[in-house]
Amino acid sequence: MRRLLGLGAVLLLLTACNKNAVPGSDTLDPVVRTDAGDVRGVVHDDHRVFNGIPYAAPPVGDLRWTPPAPVKPWTGERAAIKPGSPCPQVKSAIADLSSDNEDCLFLNLTTPHSASPQNKKPVMVWIHGDGAIGSGDQFDPTRLAVDGDVVVITFNYRLGVFGAFGHPELEDSGTIGLQDQRAVLRWVQRNVAAFGGDPGNVTLFGVSYGATATGAHLMSSLSRGLFHKVIMQSGFTLMDLPAGALYPGIPALPWLGWTTTAGSASQGQALAKQLGCEDLACLRKVPVAKILAVPQVMNIFQAYALGNAQLPADPAQALADGNFAEVPVLAGTTRDEHTTFVAFFRELAGQPVTAAGYPELLRTAFGADAQKVLAEYPLKDYPTPARAWASVITDRMWAQAQLRQNQLLSAKNPLWFYEFADRDAPTDIPFPKGFDPGAWHGGDVGYLFRDAEGAAAMRPDQVALSDTMIAYWTNFAHRGDPNGSGVPEWKRFSTPDTVQSLAPGKIAPVGYSAEHQLEFWRGLGH
């Protein structure tokens, strides 16, 4: 999904002699004025791209773990050719990406040729997932922008220990990454009109951790008015964690995506002690590489903290009470969410799910109800023990939480519920050899951010599904409703049977509750 520019292209662009520019396109100016200074992007055959625009000051030195500060204005033209540095992170099993550069608060903007200050287009702001790895430039929004006639913004935000670090000396501990995201939305309000975007029609969308962050902005009064629609792909705003469900040995937790302010601050104190520091002043002088060398430090501080000025103490209560922004919502999951986690945290981690171990996994997660779960999900119904376990947790964790979230949101907001169901979706992460991930967690992302490499890996019916999904998502950005000319009807969510299944050659409502055996889980009270 990454867009790469070689050195030769950069040199050409810096001399304003880009051979990809549109001949005679005098109105498609590669230079746009922002409130901090002029930026020079690239004009391609059917779109413009502006990469590496700073939206906040570098959070270095005394600005480490502080809310994003204003950018220092510059004079002359700033090249917006290459993406800025990713935020500090370490390589993982699913991403060969690392950085120790804190000067990383940059955004990237793609516009169709039709966008101009006189012809403003809807804006889609993408929050990438994971929370410990990633960067905005890993996603190519060209097809969304061109085919959907929208302006798309991707960006970097502080991750892990730099984005969700807590400490007693920090105000609103554990929410810095969330504040970075809000700074992007404020930048959009101030600047996007100059690029041809409509600041009055902004869709905030994200996947996984990014979808959960989108849910955070829905609940946060500080983000009200900065966006007008939301799309949440495989988020876990209301998801708890049965014992052993994600990682072996992890106990049951009330939230997968959140922690408490007190808990975050306590973890921060423990890290400070480990690094030989008594206060924040000392911690801010510790080199990035030394912090990143602490085992699992990026994952320890992945979850945002609840119960502060940024976020409510209880997301479930906030949604039940209607304390969220009144905007249209498009939200859903993939058919086989948990296969990704079983593959990487069990199969590749040397702790595979076996037929002999499957009953013990169920006992750890569900205690006295383990036998009932085993009877409902017998090994004989699945090709491997790993797929059986993945099905159990997909239904219990992901499907149940998603349905509850969408039921609560739809009590006040118009909502469209989907399930991505292409069980043969191309993979761009290294699943174990012979492992069938089905419609895996994140498998839908490549259908929206479809680049040439991704398209080449798709069958024609998968490309057609991708085209339909791009139309649904961008129709929603334009009008707050995914329906439109040339796409199958998608009914607004009202019951578990009004969920749109998205599969090649088969886009139609699905009985979501029956498919994921949610009546069984409700009967258990889990």
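Me: How many of the residues of helix 11 are buried?
Reply: Please note that this is a predicted model. In helix 11 (residues 339-347), seven of the nine residues are buried, and the helix is mostly covered.

Me: Which residues are they, and what do they pack against?
Reply: The buried residues of helix 11 are T339, T340, F341, V342, A343, F344 and R346. They pack against helix 12 (358-366) and helix 14.

Me: Which aromatic cluster includes F341?
Reply: F341 forms one aromatic cluster with F236, Y247, F345 and W398.

Me: And how many aromatic pairs does a search of the whole structure find?
Reply: The search finds 31 aromatic pairs. Among them is the pair of W65 and F165, which is stacked, with 4.3 Å from centre to centre and 25° between the planes.

Me: Is W65 buried or exposed? And F165, buried or exposed?
Reply: W65 counts as buried because its relative accessibility is 2%, under the 20% cut-off. F165 counts as buried as well, at 1% relative accessibility.

Me: What is the geometry of the pair formed by F520 and W521?
Reply: F520 and W521 form an edge-to-face pair, with 5.1 Å between centres and 75° between the planes. Both residues are buried.

Me: Which charged end sits over the ring of W65?
Reply: The charged end of R64 does, 5.4 Å from the centre of the ring. Elsewhere, the charged end of K412 sits over the ring of F324, 4.4 Å from its centre.

Me: Changing topic to the sheet: what is the strand order?
Reply: Eleven strands form an open sheet with mixed pairing, in the order 3-4-6-8-7-9-10-13-14-15-16. The edges are strand 3 (42-43) and strand 16 (506-510), each of which pairs on one side only.

Me: In what sense do strand 3 and strand 4 pair?
Reply: Strand 3 and strand 4 (residues 47-54) pair in the antiparallel sense over two bridges. V43 has R48 in strand 4 as its bridge partner.

Me: What about strand 9 and strand 10, parallel or antiparallel?
Reply: Strand 9 and strand 10 run parallel and are joined by five bridges. The bridge partner of T203 in strand 10 is K229.

Me: Which residues cover the two faces of strand 10 in the sense of being buried?
Reply: On one side, K229, I231 and Q233 are buried, and on the other, V230 and M232 are buried. Five of the five residues of strand 10 are thus accounted for as buried.

Me: Where does strand 13 come in, and how many bridges does it share with strand 10?
Reply: Strand 10 and strand 13 pair in the parallel sense over four bridges, and I231 stands opposite L330 in strand 13. Strand 13 also pairs with strand 14 in the parallel sense, over six bridges, where G332 stands opposite Y418 in strand 14.

Me: Why is strand 13 largely enclosed?
Reply: Six of its six residues are buried, so strand 13 is largely enclosed by the rest of the structure.

Me: Which strands does helix 17 lie across?
Reply: Helix 17 (residues 460-479) lies across strand 7, strand 9, strand 10, strand 13 (329-334), strand 14 (415-420), strand 15 (499-503) and strand 16, and runs at about 150° to strand 10.

Me: Now L218, please. Which helix is it in, and what does it touch?
Reply: L218 is in helix 5. Not counting residues up to four places away in sequence, L218 touches R224, F227, V230, M232, F324, A325, V327 and L409. L218 and V327 are 109 residues apart in sequence and 8.6 Å apart in space, C-alpha to C-alpha.

Me: Finally, which residues have the most contacts inside the largest nonpolar core?
Reply: They are Y55, V125, I153, F227 and W473, in a core of 156 residues. Helix 14 (residues 385-410) gives the most to this core, with 13 residues.

How values were computed. Residues are numbered from 1 along each chain as its sequence is written. This is a predicted model: local features need pLDDT of at least 70, side-chain atom pairs count only at pLDDT 80 or more; totals for chains, interfaces and linings use all residues. Side-chain values use heavy atoms; hydrogens and water are left out. A nonpolar core is a set of buried Ala, Val, Leu, Ile, Met, Phe, Trp, Tyr and Cys residues joined through side-chain atoms within 4.5 Å. Buried means under 20% relative accessible area, exposed over 50%, partly exposed in between (1.4 Å probe, protein chains only). Two strands pair if DSSP finds at least two bridges between them. Contact means heavy atoms within 4.5 Å. Axes are lines fitted to C-alpha atoms, for helices over the stretch in contact, and angles run from 0 to 180 degrees between N-to-C directions. Rings of Phe, Tyr and Trp (its six-membered ring) pair if their centres lie within 6.5 Å; planes under 30 degrees apart count as stacked, over 60 as edge-to-face and the rest as tilted. A charge sits over a ring if NZ of Lys or CZ of Arg is within 6 Å of the ring centre and within 35 degrees of the ring normal.
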